Amino acid sequence: MDIRLAAAREAQLAAQEHKRLASQALDRRDHLVRMLYTSGDFTYSHLAKMIGLTPEMIAKIINPQRRAARNR
């Protein structure tokens, strides 16, 4: 087997694994953001500032159906 082909295959497998891990991390982040917001202790702005996101991203996480409706 050509070494470049093997390296490309290895890079593809690594990229797939990184995408899977990133998806899991984002799902966990979204779950935690929703839990924090529903506790009533935090506003969108406060969560955004503390987590490092924009208030708009917090809104999209908390209200995903609004994002889906706008994309139609």
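Let's start with a helix pair. Helix α1 (residues 3-38) and helix α2 (residues 44-51) pack at about 140°, and their axes lie 10 Å apart. That angle makes α1 oblique to α2. The crossing of α1 past α2 is right-handed.

Now the ground rules. This is a predicted model: local features need pLDDT of at least 70, side-chain atom pairs count only at pLDDT 80 or more, and totals for chains, interfaces and linings use all residues. Residues are numbered from 1 along each chain as its sequence is written, and side-chain values use heavy atoms, with hydrogens and water left out.

Some terms. Helices are DSSP runs of H or I, at least four residues, numbered from the N terminus. Axes are lines fitted to C-alpha atoms, for helices over the stretch in contact, and angles run from 0 to 180 degrees between N-to-C directions. Under 35 degrees counts as roughly parallel, over 145 as roughly antiparallel, 65 to 115 as roughly perpendicular, and the rest as oblique. Right-handed means the near helix is turned clockwise from the far one by less than a right angle; anticlockwise is left-handed.

Back to α1 and α2. Which residues make the contact? From α1, V33, L36 and Y37; from α2, Y44, L47 and I51. Contact means heavy atoms within 4.5 Å. By class there are 6 nonpolar residues, no polar and no charged. Ala, Val, Leu, Ile, Met, Phe, Trp, Tyr, Cys and Pro count as nonpolar, Asp, Glu, Lys and Arg as charged, and the others, Gly among them, as polar.

Next, α1 and α3. They pack at about 90°, axes 9 Å apart. The two are therefore roughly perpendicular. On the α1 side we have R29, D30, V33, R34 and Y37. They meet I58, I61 and I62 of α3. This contact has 5 nonpolar residues, no polar and 3 charged.

Now look at V33. It sits in α1. Buried or exposed? V33 is buried, at 2% relative accessibility. Buried means under 20% relative accessible area, exposed over 50%, partly exposed in between, with a 1.4 Å probe and protein chains only. Leaving out residues up to four places away in sequence, V33 touches L47, I51, I58, I61 and I62.

Last stop, N63. It lies in the loop between α3 (55-62) and α4 (64-70). N63 is buried too, at 15%. Its side chain makes a 2.8 Å polar contact with the side chain of Y44. A polar contact is a pair of N or O atoms within 3.5 Å; within protein, one must be able to donate a hydrogen and the other to accept it, and residues adjacent in sequence count only if both atoms are side-chain atoms.
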